[in-house]
Amino acid sequence: MATLQSIIANYGYFAVFFGCFFEGETVLVLAGFAAHAGYLSLPAVMATAAAAGFCGDEVFFALGRRYGQDLFRRFPALRRGETRIRKLVERFGAYAAFGVRFLVGLRIAGPIVMGAGRMPAWKYSPANALGAVTWAGVFSTAGYLFGQAFTNTLSHARHYEEIAFAGSASAGGGTLSGRRRRAQRND
């Protein structure tokens, strides 16, 4: 029977790649947590996530270039972010490709809109690569640091647990002693 640890060790990087190809923040934070626990390597998580994030956005950019208007008609949710993304592109140019992955709900729509808007790939791809590397570093590190904070909290909780146990035992012992004394006086 496979243990959770063996499943994470055997399939963790695949899960990171698959999750980060699409949206991926939750998967990436959990992978960072798993790296803190020693099940995965943090540098490998970062590299896998950056590669997947880059590849995913390149695919969505190409889909936008080829099928943009058809995708907007078929998936109205993509159109909801279109105005916002176009304004970002007007204001920041290709740098919008860097930042859009950090905006909730626009990770997939962003590259599609930029592809449909005919942003040149030679401008899009470098910004996408830099964004993917930064994004992977930020979210995996956040998961790793969360794991560290969680572990520290548990170690402090253990100390307080021992104090609480000692206090409860003392209170319980005092209560029993008091009851015995009252029982002896009543006899």
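This is a predicted model: local features need pLDDT of at least 70, side-chain atom pairs count only at pLDDT 80 or more; totals for chains, interfaces and linings use all residues.
Arginine 73 forms a salt bridge with aspartate 70, their closest N and O atoms lying 2.5 Å apart, and aspartate 70 is itself partly exposed at 44%. Because the two residues are three apart in helix 3, about one helical turn separates them.

Contrast that with another pair: aspartate 57 makes a salt bridge with arginine 107, with 3.1 Å between the closest N and O atoms. This pair links distant parts of the chain, since aspartate 57 sits in helix 3 and arginine 107 in the loop between helix 6 and helix 7, 50 residues away. Aspartate 57 counts as buried at 1% relative accessibility, and arginine 107 is buried as well, at 0%.

A further salt bridge joins the side chains of arginine 79 and glutamate 82, at 2.6 Å from N to O; here arginine 79 is partly exposed at 35%, whereas glutamate 82 is buried at 9%. Through shared partners, salt bridges also join Asp57, Arg101 and Arg107 into one network.

Turning to the packing of helices, helix 2, residues 25-36, meets helix 3, residues 42-74, at an angle of about 160°, with the axes 9 Å apart, and the two are therefore roughly antiparallel. Leu28, Ala31, Gly32 and Ala35 of helix 2 make the contact with Leu42, Val45 and Ala49 of helix 3, a set that divides into six nonpolar residues, one polar and no charged.

Finally, in helix 7, residues 109-116, eight of the eight residues are buried, and just after that helix arginine 118 takes a positive phi of about 65°.

Note on methods. Residues are numbered from 1 along each chain as its sequence is written. Side-chain values use heavy atoms; hydrogens and water are left out. Axes are lines fitted to C-alpha atoms, for helices over the stretch in contact, and angles run from 0 to 180 degrees between N-to-C directions. Helices (H or I, at least four residues) and strands (E, at least two) are DSSP runs, numbered from the N terminus. Angles under 35 degrees count as roughly parallel, over 145 as roughly antiparallel, 65 to 115 as roughly perpendicular and the rest as oblique. Contact means heavy atoms within 4.5 Å. Ala, Val, Leu, Ile, Met, Phe, Trp, Tyr, Cys and Pro count as nonpolar, Asp, Glu, Lys and Arg as charged, and the others, Gly among them, as polar. Buried means under 20% relative accessible area, exposed over 50%, partly exposed in between (1.4 Å probe, protein chains only). A salt bridge is a side-chain nitrogen of Lys or Arg within 4 Å of a carboxyl oxygen of Asp or Glu.
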